[in-house]
Amino acid sequence: MARDIKSVAKHFHIDAELVDAKLLARGHINDTYILASEKHGVTSRYVLQRINHTVFKDPPSMMTNIIRVTEHISAKMREINAPLASRQLTVIAADDGRGYYEDIDGNFWRVYNFIENAVTHDSLESTELACEAARMFGWFQRMLIDLPGPVLHESIGDFHNTPRRSEVFQEVLAADRLNRAKDARPEIDFVSENLGLCNVLLDLAGKGEIPVRIAHNDTKINNVMLDERTNKGVCVIDLDTVMPGLSVYDFADMIRTATCSAQEDERDLSKVAVDISMFEALVRGFAAETSRFLTFVEKKHLVFAGKLITFEQLIRFLTDYLAGDVYYKISRQRHNLDRSRTQMKLLESIIEREEAMNELVELVFEKSSA
Ligand SMILES: Nc1ncnc2c1ncn2[C@@H]1O[C@H](COP(=O)(O)OP(=O)(O)O)[C@@H](O)[C@H]1O
Ligand SMILES: [Mg+2]
């Protein structure tokens, strides 16, 4: 067992002897370890994570958010679904009572209960899986509509601030320090022609026409834990980015990441397109949990949000390409340009099918709330 992990783990309220610790995943964002402890022959497992404090500038506030959210969900589930209540994320306190431990190097650590007999999937192999994942992110929203108290902290500033992203894009393009704009003319023109998309949702939110709710903000399939036997959703994890936001974004990110099976950096653009059966599965799952509380304007903008979030990602990849690959790691030349091309192709594909997709949303939501 790595000595330093053991020395970190002993700062948490684990009322048993630690017998094992191993690295589970070195994610893009956090490092995750599984701890095992033993007492009277009974083994309990925990998840220890080192929080990435370069991405999350204020881990204590982030943990305050997570504690409020997890406690609220668990309390609600104890009333409505006791078996699932014990399978929700719980923050294990550190010995000083806080939800995190800060080591001498300034790293922040936290511990959760390990969700047993549950799995995550890294890719969407079926429409059933897509439907269940979308349902769970809808469920997450439903659980939190009555979270009492002050608004949550903003764990990352300017998240989904597309107008800001477009400003940065324009600045980087104007400077074109590396003389790369010449390689990306069609993409630059496409972005420039579509900049009008950027303000639509924020304007609606500003006017109060779309409510600011609590968004998960990282609605990837591997952030849903499913029962390993039944494949039914158990809980939603990876709560670092939970903060005030628009509900439609959570659905939108699923459109971007789940309706197209091609990789984000696929060079064969003929493989990049929206799969309508996947989209329909997402709508069915999401609507099952949210149709009763989403407003008319929100429902009307679900597909639009999918467009916007894809556009935002296109802007981010393209900006990074022009800026010299400073944010997204690359493993080949023009990697970020390739990534921007897939986003552009996906966006074109959504635009092409937009009407049909909106009709589907209307139909499925109508059925769900009937
Ligand atoms: N409490 C938990 N119980 C069981 N497995 C977990 C738990 N938390 C995380 N995992 C596993 O570790 C993976 C990475 O954790 P996650 O919190 O999503 O971090 P990352 O930011 O790296 O995505 C998850 O996809 C899941 O498989
Ligand atoms: Mg994750």
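Reply:

The buried residues of helix 8 are Ser247, Val248, Tyr249, Asp250, Phe251, Ala252, Asp253, Met254, Ile255, Arg256 and Ala258. The model in which they are seen is a predicted one. Eleven of the twelve residues of helix 8 are buried, so the rest of the structure largely encloses this helix. In this model, a residue counts as buried if 20 or more other C-beta atoms lie within 10 Å of its own.

The length of the helix can be examined next. At 1.5 Å a residue, the twelve residues of helix 8 should span 16 Å, and this agrees with the 17 Å that separates its end C-alpha atoms.

Two packed helices are described by the angle between their axes and the distance between the axes. The crossing in which helix 8 passes helix 9 is right-handed. On the side of helix 8, the residues that meet helix 9 are Phe251, Met254, Ile255 and Ala258. Their counterparts in helix 9 are Met278, Phe279, Leu282 and Phe286.

Another element crossed by helix 8 is helix 11, which covers residues 302-323. The axes of helix 8 and helix 11 come within 8 Å and cross at roughly 65°. This crossing, too, is right-handed. Helix 8 contributes Val248, Tyr249, Phe251, Ala252, Asp253, Ile255 and Arg256 to the meeting with helix 11. From helix 11 come Leu302, Ala305, Gly306, Leu308, Ile309, Thr310 and Gln313.

Phi of Asp325 is near 60°, a positive value in a residue other than glycine. Is Asp325 buried or partly exposed? Asp325 counts as partly exposed because 18 C-beta neighbours lie inside 10 Å.

Strands of a sheet pair through backbone hydrogen bonds, either parallel or antiparallel. Three strands form an open sheet in the order 7-9-10, with antiparallel pairing. Strand 7 and strand 10 stand at the edges with a single partner strand each, so one side of each is left without a neighbour in the sheet. Helix 4 packs on this sheet and touches strand 9 and strand 10, and its direction makes about 50° with that of strand 10.

The pairing within this sheet can be followed residue by residue. Strand 7 (residues 118-119) is joined to strand 9 (residues 224-227) by two bridges, and Ala118 has Asp227 as its bridge partner in strand 9. Three bridges link strand 9 to strand 10 (residues 233-236). Across this pair, Leu226 is partnered by Gly233, and Val224 is partnered by Val236. Five residues lie between the strands in the hairpin of strand 9 and strand 10, where Asn231 takes a positive phi near 65°.

Helix 4 itself runs over residues 127-144. Its 18 residues reach 26 Å from the first C-alpha to the last, close to the 26 Å expected at 1.5 Å a residue. Helix 4 is mostly covered, with 15 of its 18 residues buried. In the loop between helix 4 and helix 5 (162-175) is His160, whose phi is positive, near 55°. His160 counts as buried because it has 20 C-beta neighbours inside 10 Å.

To return to the part requested, helix 8 is largely enclosed, with eleven of its twelve residues buried.

How values were computed:
Residues numbered from 1 in each chain as written. Chains lettered and ligands numbered in written order. Predicted model: local features only at pLDDT ≥ 70, side-chain atom pairs only at ≥ 80, totals over all residues. Pairing = 2+ DSSP bridges. Helix = DSSP H or I, 4+ residues; strand = E, 2+ residues; numbered from the N terminus. Expected span 1.5 Å × (residues − 1). Left-handed = near helix turned anticlockwise from the far one by under 90°. Contact = placed C-beta atoms within 7 Å. Axes fitted to C-alpha atoms, helices over the stretch in contact; angles between N-to-C directions.
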